[in-house]
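Hello,

Here is the structure I promised to pass on to you. Please have a look at it first, and then read on for what turned up.

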Amino acid sequence: MCEEHSIYNNQKKSGNRVMNFNFIEKVIKETVNYGLREIIPSTMGEPLLYKDFKELINMIRKYDLKLNLTTNGTFPVLGVEKWANLFMPITSDIKVSINGSKKQIAEDIMVGLNFSRQLENIKKLVKVRDKIRQKYRKNPSITFQVTFMECNLKDLENLLNLAIHLNIDRFKGHHLWITNKEIENQSLKRNPDSINRWNNTVEKLSKIAQERLMQNGNKIKLANIYKLNQKCSGSVVPKDYVCPFLGREAWIAWDGTFNVCCAPAYLRKKFGYFGNIKNKNFLDFWNGEKYNTLIKNWGKYELCRKCNMRKPSKQMVGN
């Protein structure tokens, strides 16, 4: 399902797509006094493989920012405990990408995953989280981040129950982006029947979250789990669904390109080119006429009308 690493991507480019750490330093220094709160190193690969990740942690600590991390749960090189003790004191949330409660489902979706090892890593991560909360009186959360699709729909209840059993703080996800024609039949938005089955699942997930307590006595929080409008089957999104990103989060690609949102590249590029931080101050883009025109008119664009990430306005709290 990943636009870059999918087995269906026949247009993979050779070369090492790794961000120059100078780009990170530049943007943080330019924005830290203008409302920057979090760094989210989370797209197009496993962030903990980034060779300068420790330097990123040091910079976040230096400027009293927060790290919002998305990981596949493998914790390469250092292992769970060493990584978690490094980044958890400065972390707001750790999203572990997980798409099934069973080995076959999880590994079929995330090719190359060792599901048993991922579960053991998650258990270790929870233990470190609890120690961090006691030692620093800080409250980093752990989230199960799920991609909702046909092949894991029936397993979502089991996956939520697993999250509750493991004392995971949140259960969050989003519907599948169609990045290749081979996965079109996996979209739960493709017709009224698939939407109806998704809506029934939403009711079941909500019931579980309300009625079942975690071992620590808390209730798990659901995020981005809401019913879809059956009249808007296919790719159409209701008009009262809002964009959670424009004007709130900045997306910068590995090469310094300012990407205005997280939609797949072949769709996002229809907005046009917004510049590169290599040769311009980031705030010039952020405050520039072109970007702010996009924010002002976002609902009028075809991509916005079909965007997979829009959500009801009441869901905007607690992204």
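Against which elements do the buried residues of α6 pack? Do keep in mind while looking that this is a predicted model. The buried residues of α6 pack against α5, β4, β5, α7 (192–211) and β6. The residues in question are L156, L159, L160, L162, A163 and I164.

Strands β4 (residues 141–148) and β5 (residues 170–175) are joined in the parallel sense over 6 bridges. If you want a place to start there, T147 has H174 in β5 as its bridge partner.

The largest nonpolar core contains 93 residues, and F87 and F144 have the most contacts inside it. Helix α5 (residues 115–136) gives the most to this core, contributing 7 residues. As for F87, once its neighbours within four places in sequence are set aside, its contacts are L48, I57, L67, L69, F75 and I94.

Another pair of helices is worth a look. Helix α1 (residues 21–31) packs with helix α2 (residues 53–62) at an angle of about 10°, and their axes are 11 Å apart. Because angles under 35 degrees count as roughly parallel, α1 is roughly parallel to α2. On the α1 side the contact involves F21, I24, E25, I28 and K29, which meet E55, L56 and M59 in α2.

Finally, the cysteines. How many disulfides does the model have? The count comes to 0. C262 is in no disulfide, and its nearest cysteine sulfur, that of C261, lies 5.8 Å away. C304 is in no disulfide either, with the sulfur of C243 as the nearest cysteine sulfur at 6.6 Å. C304 is also buried, with a relative accessible area of 7%.

Best wishes

Methods:
Residues are numbered from 1 along each chain as its sequence is written. This is a predicted model: local features need pLDDT of at least 70, side-chain atom pairs count only at pLDDT 80 or more; totals for chains, interfaces and linings use all residues. Side-chain values use heavy atoms; hydrogens and water are left out. Two strands pair if DSSP finds at least two bridges between them. Helices (H or I, at least four residues) and strands (E, at least two) are DSSP runs, numbered from the N terminus. A disulfide is a pair of cysteine sulfur atoms within 2.5 Å. Buried means under 20% relative accessible area, exposed over 50%, partly exposed in between (1.4 Å probe, protein chains only). A nonpolar core is a set of buried Ala, Val, Leu, Ile, Met, Phe, Trp, Tyr and Cys residues joined through side-chain atoms within 4.5 Å. Contact means heavy atoms within 4.5 Å. Axes are lines fitted to C-alpha atoms, for helices over the stretch in contact, and angles run from 0 to 180 degrees between N-to-C directions. Angles under 35 degrees count as roughly parallel, over 145 as roughly antiparallel, 65 to 115 as roughly perpendicular and the rest as oblique.
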